[in-house]
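Here are my notes on the model you sent.

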Amino acid sequence: MHEDAREERNVLPRWRPLVAVERNDLSSVGRFEKSAFKVESNQFADDIAIWKNEGGIAAASDIFDTFLVTGDRSLLRHAISLLRPHKSVIPARLKDSIIAAFRSDPDRLEIRKSIARRETDESYLRQSIRIIKKRLLNYPRDALSYLELARLYTVIGSYEKSHKNLIRALALAPDSRAILRANLQFHNIVGSLEDGLRMLRRSESLRFDPWLQSAEIATTSLMGMSSNVAKRNLVAFDRKGEIPRSSTELAMAMATLELSAGMAERKVFQLVRKALPNSTENGFAQAIWLSDNRSSRDFLMRFPEFRPSGEAFEAKVDISVKENNFEDAAIFAQFWVEDQPFSAEAIVKYLNLRSVHTSPNESSVKCAKRALSVHGDDWHVLNACVLALVEAGEFDAARRGIQRLIKEAPEGAAQAFVAAASGFLAFAEGDFIAGRLYYEQAQKIAIEFKAQNLLINATMFWLRCEAVNGLVSVDCVETMRSSIEKALGRLKHDDKDYLKSVWHSVERIVSMKSDKYQNSSGDELLTSFSSKLEQAILI
Amino acid sequence: MLEQIKLQSSLTPGQFSVGYRVKSVSGKEGFLKASDIGMLLGSQDPVQKLLDATTAHQFERSVLEHCRGNRLDKIVTAIDSGTHQIDVDGVRDFVFFIVFELASGDLRKYVASDQGNDLLWVVSAIHNLSVAVSQMHSANIYHNDFKPGNALVFEDTEKVADLGRATSPQFPVSHENMLCAGDSRFAPPEQLYFNDNGSLAIDKFIRFKAGDLYNLGSVMHFLVTKRMLTPEVIVRLDDAFKPPRYHGGWNDSLNDVMPYWRQAFNVVITEFYDDLPNSWLYKYRFCLDEIKDIILHLCEPDILSRGDLKATEASLSKYSLERIISKLANLKNRLLVKSRA
């Protein structure tokens with residue numbers, strides 16, 4: 001049995017290797033654009049005339065240095081023309097610098113994908129940690145290296161070490177946007193958002209930096225607190241009336257806040273529409289979530305003209321699931337997990353897509369095994385891991401997962417997941433009697449806690465287990481199909497659409513296996529339950 | 001007068017100076033920097049230009065006299081100065097002039113020559129220039145424009161020249177209120193980025209002194225690697241973090257860009273040994289290591305962490321060069337011994 005883990009969402013900052021972050025997201029907000037002293041090439045006009053006249057490597061080097069500080073590319077051309085006659089004797093370092101000046105900005109998405117893929121390997125992560133630690137021995141004031149070290153420790157689940165390094169980074173650069181945003185994400189991962197928020201609120205930059213303001217609003221919304229900075233007029237507009245990239249997350253955070261405060265949908269989505277053209281992928285995913293979960297129209301109907309950019313993996317997963325294109329959704333979810341390896345949401349989504357809607361593969365098994373050790377205290381992740389591992393035939397790892405799930409799952413309706421996961425494993429191992437007992441138990445818990453969605457969910461998976469093992473008759477399958485569909489039709493729950501998509505996949509598997517039905521030992525129990533299911537839904 | 005010399009122009013207001021190699025009656029050669037007021041009269045605002053030029057000339061003369069009075073032997077001092085009246089086509093004109101000691105060249109040219117490949121000369125030059133900066137500071141003069149073009153090479157020593165952009169509490173001058181008084185191509189980060197925060201609300205002369213330390217470290221980097229430090233850092237910065245310019249660059253505070261500057265600076269220092277002659281690396285690694293450490297110390301991007309780390313408050317004594325000079329003197333001797341071994 002599996003569940004959709006996201007009840008609430010907001011634009012909490014992403015945390016990526018700094019080298020893979022879009023430079024627009026790190027650039028200045030232009031607070032001192034008018035007052036900052038700008039070095040212009042005409043300040044060097046007389047010198048440049050003398051250097052040109054003088055010629056030679058030293059003069060070319062002077063002109064090149066002027067280009068570096070002014071950004072005037074015509075000077076770069078002059079420097080090169082002066083160097084041309086001395087090609088063979090240009091000092092190596094000057095040559096390297098000139099080559100570097102010609103280098104265009106690399107494709108950050110490609111860098112991100114490449115780093116993410118390599119970081120699925122723990123030995124690579126450990127090696128990277130060693131390198132950065134060594135670098136820090138030589139340069140102990142490098143805040144960004146501490147930040148990167150903290151990220152790597154978070155990926156491998158060493159949260160204490162990660163926290164220590166984040167504290168060091170913050171002590172060295174208390175107002176750095178990159179560090180403050182990463183710190184917030186870290187505190188979200190370890191479940192202490194209030195600490196992250198406190199640190200964020202101490203920063204001077206919160207007064208003017210929209211990237212930090214969006215993070216503050218998102219955090220306070222998630223925590224049910226009131227924001228210190230939320231004001232619609234903070235959102236900047238460019239000359240075209242659109243919201244620039246730097247303010248898109250702020251706009252989405254404001255839209256989420258306004259919608260939950262009861263502001264008219266039309267007004268809120270006007271703001272969303274202005275933010276979408278330049279939105280970050282996080283903002284885009286927020287727009288989809290907001291539209292699909294908190295408004296009367298879903299995203300594709302509301303904004304048919306907008307498609308997510310190449311980097312918006314989370315948004316693409318949501319859209320693909322909506323279009324029942326699970327194979328694509330699973331691929332995007334894999335990118336999402338690689339991009340945000342510490343995100344429980346991403347892992348749950350990816351593993352569920354692989355185990356329920358498509359089929360497990362090497363990468364999903366690897367992901368599940370790693371998640372077991374890194375997210376061992378998150379029962380949502382554990383449940384998804386067990387499902388994925390059972391489906392992949394990794395029973396030992398799945399058993400370990402269930403042991404942890406028993407320990408971590410809270411009392412109440414969540415116990416239905418524990419029972420269902422145990423049943424799923426028992427069926428896969430061929431212990432059908434135990435499997436049925438577990439599923440019965442799961443249903444009882446769901447009925448006891450009036451969790452209709454869990455009841456339907458457990459029933460679907462039970463049917464799936466029986467059908468996969470050829471233990472039910474075609475008649476029984478038909479009876480169950482009709483009961484489940486009726487129940488789904490009557491269900492009034494946020495998960496309705498989601499359960500429908502799960503049923504779509506379960507039904508496909510059940511139909512595929514219909515020619516393999518050997519006996520009907522499961523018929524009696526299942527059929528007796530179909531009436532219970534309908535009654536429970538009616539209640 | 002022997003010949004006209006091409007002047008390496010500086011940022012001194014009004015490019016109206018002409019250089020000549022001159023010889024005294026006693027046969028001593030010198031460098032004459034002549035400033036012709038007549039050249040300014042054709043400018044758009046001749047009154048302002050005239051004022052700037054005379055103020056700059058007077059300021060440089062006063063500072064040079066102050067240096068001579070303090071017996072600063074590593075500063076290129078004025079041998080003579082004055083005003084000369086000339087008649088051109090019946091029009092009376094004035095020329096200000098200062099006569100300096102004549103050097104055989106500046107570091108900019110020397111480093112490209114064979115002498116630049118002699119590590120002993122490099123270390124000796126580093127030592128001499130450190131002494132020069134220290135001497136200036138001891139006389140309460142801050143150079144602000146210390147760069148290879150302003151470090152002159154004499155037969156037996158190296159000296160610092162061109163005090164046109166210097167500042168001193170004794171000689172008020174308009175450029176002491178500028179963020180960057182010297183050559184911005186080689187300036188330290190605190191002179192390139194906007195800062196209105198408390199950390200830089202320190203006395204301007206302390207700031208100038210700390211800036212000189214950075215420039216000295218940068219010149220050391222130049223002597224070893226043939227590249228000044230600031231351009232090497234800037235080329236490693238992403239466009240978004242480069243100093244403010246009309247289309248982009250970093251337009252927030254210095255503090256916010258500091259982590260990125262520091263990271264690029266660390267890369268430059270890590271690459272310090274790249275492309276150095278093998279003979280230096282094999283035989284004199286100890287020397288390069290020490291110079292690298294000194295550069296790391298002098299060019300520390302954060303002005304408050306530059307200089308003596310034990311001094312927590314930014315003060316003039318925090319940026320003293322005494323320890324570095326003795327370290328360099330010791331290094332020079334060790335190198336001499338090693339080279340003879």
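What share of the contacts in chain A with a separation of 6 or more is accounted for by residues 24 or more positions apart?

1. The share is 63%. Keep in mind that this is a predicted model.

2. Chain A has 27 helices and zero strands. Along the principal axes, its C-alpha atoms fill a box of roughly 100 × 50 × 40 Å. Of the 539 residues in chain A, 48% are buried.

3. Look next at helix H7 (residues 143-155) of chain A and helix H9 (residues 177-189) of chain A. Their axes lie 11 Å apart, and the two helices pack at an angle of about 20°. Angles under 35 degrees count as roughly parallel, so H7(A) is roughly parallel to H9(A). The crossing of H7(A) past H9(A) is left-handed.

4. Which residues meet where H7(A) packs on H9(A)? H7(A) supplies Ala143(A), Leu147(A), Ala150(A), Arg151(A) and Thr154(A). From H9(A) come Ala178(A), Ile179(A), Ala182(A), Phe186(A) and Ile189(A). By class, the residues of this contact divide into eight nonpolar, one polar and one charged.

5. The second pair is helix H14 (residues 281-294) of chain A with helix H16 (residues 313-322) of chain A. Their axes come within 7 Å and cross at roughly 30°. H14(A) and H16(A) are therefore roughly parallel to each other.

6. On the H14(A) side, the contact is made by Glu281(A), Phe284(A), Ala285(A) and Ile288(A). On the H16(A) side, Phe313(A), Glu314(A), Ala315(A), Asp318(A) and Ile319(A) take part. The contact of H14(A) with H16(A) has six nonpolar, no polar and three charged residues.

7. Now the interface. How many residues of chain B are in contact with chain A? There are 40, and they touch 41 residues of chain A. Three elements of chain B give two or more residues to its side: helix H2 (107-110), helix H5 (229-236) and helix H6 (254-270). H6(B) gives the most, with seven residues.

8. What is the class make-up of the side of chain B that touches chain A? That side has 15 nonpolar, 12 polar and 13 charged residues.

9. A point on reporting. The size of an interface is often given as the accessible area lost when the parts come together. In this note, the interface is described by residues in contact: 40 of chain B with 41 of chain A.

Technical notes: Residues numbered from 1 in each chain as written. Chains lettered and ligands numbered in written order. Predicted model: local features only at pLDDT ≥ 70, side-chain atom pairs only at ≥ 80, totals over all residues. Contact = placed C-beta atoms within 7 Å. Helix = DSSP H or I, 4+ residues; strand = E, 2+ residues; numbered from the N terminus. Nonpolar A, V, L, I, M, F, W, Y, C, P; charged D, E, K, R; others polar. Buried ≥ 20, exposed ≤ 12 C-beta atoms within 10 Å, placed from the backbone. Axes fitted to C-alpha atoms, helices over the stretch in contact; angles between N-to-C directions. Parallel < 35°, antiparallel > 145°, perpendicular 65-115°, else oblique. Left-handed = near helix turned anticlockwise from the far one by under 90°.
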